[in-house]
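The following exercises concern a single protein model. Please inspect the sequence and the structure before reading each solution.

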Amino acid sequence: ARHEIIPDRIEAGTYLIAGAMTEGGLTLRGAEPKHLASLIEKMRQAGVRFAASPENELRVEGGAPLRAVDITTAEYPGFPTDMQAQFMALMTQAEGESHVLETIFENRFMHAPELTRMGAEITIDGNRAVVSGKTALSGASVMASDLRASASLVLAALAAKGETLIDRVYHIDRGYENLVEKLAGAGAKIRRV
């Protein structure tokens, strides 16, 4: 029998947020939009535009003003807990106050203090976070605590002014193949040291 492995919805979602945060455009090939329905819906509510593309392609158009959107993590097909950190990074660039309710994992906001080092305004209360935006992010030295925190810091760094140094990026290798090369190929100024 032949079997094709399904696309990684979390990796695809991370790149969609990268396109939205950097105010450019980004086309993903081989992604499965049906697997990303909850994320795409929240991104649309936030003002992110998606262009029509052939089947298994997604094109995100950055540059539109972003609005704050609330999310609650849930089991599939709900909003993925593994996209919560990346979406929080996106919300730092949205006008207004967004609320994040984490219902899957305890202590899943380890990225928030690192994002605040970059200028984000985030308040944590147990399994709830409030992100106030839009904030100007600035480059800083930050530390990745886990796989998804790493991704959120990379996304924030792409939108920040100045240079960001992310320590302990080995976490990211568990969930993203050639992240640096893919982002650099899309025009990001990023390198691994």
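**Exercise 1.** In strand 5, which residue is the bridge partner of T72?

*Solution.* The model is a predicted one. Begin with the two strands concerned: strand 4 and strand 5, the latter formed by residues 96-101, pair in the parallel sense. Two bridges join strand 4 to strand 5. The bridge partner of T72 in strand 5 is L101.

**Exercise 2.** Determine the strand order of the open sheet of four strands, and identify its edge strands.

*Solution.* The order of this open sheet is 4-5-7-6. Its pairing is mixed. Strand 4 (71-72) and strand 6 (121-125) each pair on one side only, and these are the edge strands.

**Exercise 3.** Describe the burial, contacts and surface of the protein.

*Solution.* First, take burial, with under 20% relative accessible area as the cut-off: buried residues make up 46% of the 193 residues. Next, consider contacts with a separation of 6 or more: 65% of them are between residues 24 or more positions apart. Finally, the accessible surface is about 10100 Å², and carbon and sulfur atoms account for 48% of it.

**Exercise 4.** How many positive and negative side chains does the protein have, and how far apart are the centres of the two sets?

*Solution.* There are 21 positive and 25 negative side chains. The centres of the two sets lie 4 Å apart.

Note on methods. Residues are numbered from 1 along each chain as its sequence is written. This is a predicted model: local features need pLDDT of at least 70, side-chain atom pairs count only at pLDDT 80 or more; totals for chains, interfaces and linings use all residues. Side-chain values use heavy atoms; hydrogens and water are left out. Buried means under 20% relative accessible area, exposed over 50%, partly exposed in between (1.4 Å probe, protein chains only). Contact means heavy atoms within 4.5 Å. Accessible areas come from the Shrake-Rupley method with a 1.4 Å probe; for residues, only the protein chains shown count as cover. Lys and Arg count as positive and Asp and Glu as negative; His and the chain ends are not counted. The place of a charge is taken as NZ of Lys, CZ of Arg, CG of Asp or CD of Glu. Two strands pair if DSSP finds at least two bridges between them.
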